[in-house]
Amino acid sequence: MEFSIRRVNALFKKEIIDLSKNINVSIMYILPIFFSIIFSKIISGSAQGNNEGKINALILCTGMSIVMVSGFVMAMLIAEEKEKNTLRTLMLSGVSLLEFFTGKALITFVISEI
């Protein structure tokens, strides 16, 4: 079985449609933005002109976005497939494991970058 961009594109489109219905995934994408706003208010209130604190908060929020969002969202999307019993259907169709994970990782990467 060879890698097919067509199947990955179909999985990507399916994930875009499912993303609007899944509130848990949407909350995970909003958390780093929420925390960066909170940390910027805390840092700006504690010391005026403290650029080192702002840089640390930026690094913290960027790292949280990369690690937390990517890891948790991938796990949540796979668990959602298993809950809806579509994982079994995908396994019985022609979708390989690499195509399945590429479709999930692609939507996670695109939303994380936005």
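F39 is partly exposed in this predicted model, with a relative accessible area of 25%. F35 falls into the partly exposed class too, because its relative accessibility is 28%. Both values lie between the limits of 20% for buried and 50% for exposed.

| Residue | Relative accessible area | Class |
|---|---|---|
| F35 | 28% | partly exposed |
| F39 | 25% | partly exposed |

F35 and F39 both sit in helix α2, which spans residues 23–46. They are four residues apart, so about one helical turn separates them.

The structure holds three aromatic pairs. In one of them, the ring centres of F35 and F39 are 6.2 Å apart. Their planes make an angle of 20 degrees, so this pair is stacked. The cut-off for stacking is under 30 degrees. Ring pairs also bring in F34, giving a cluster of F34, F35 and F39.

Next, a helix crossing. Helix α3 covers residues 51–83 and helix α5 covers residues 97–113. Their axes come within 10 Å and cross at roughly 135 degrees. Angles over 145 degrees would count as roughly antiparallel, and 65 to 115 as roughly perpendicular. The two helices are therefore oblique to each other. The crossing of α3 and α5 is right-handed.

Which residues make the contact? From α3 come V69, S70, V73, M74, L77, I78 and E81. From α5 come F100, F101, K104, A105, I107, T108 and S112. By class, nine of the contact residues are nonpolar, three are polar and two are charged.

Key:
Residues are numbered from 1 along each chain as its sequence is written. This is a predicted model: local features need pLDDT of at least 70, side-chain atom pairs count only at pLDDT 80 or more; totals for chains, interfaces and linings use all residues. Side-chain values use heavy atoms; hydrogens and water are left out. Axes are lines fitted to C-alpha atoms, for helices over the stretch in contact, and angles run from 0 to 180 degrees between N-to-C directions. Angles under 35 degrees count as roughly parallel, over 145 as roughly antiparallel, 65 to 115 as roughly perpendicular and the rest as oblique. A crossing is left-handed if the near helix is turned anticlockwise from the far one by less than a right angle, and right-handed if clockwise. Contact means heavy atoms within 4.5 Å. Ala, Val, Leu, Ile, Met, Phe, Trp, Tyr, Cys and Pro count as nonpolar, Asp, Glu, Lys and Arg as charged, and the others, Gly among them, as polar. Rings of Phe, Tyr and Trp (its six-membered ring) pair if their centres lie within 6.5 Å; planes under 30 degrees apart count as stacked, over 60 as edge-to-face and the rest as tilted. Buried means under 20% relative accessible area, exposed over 50%, partly exposed in between (1.4 Å probe, protein chains only).
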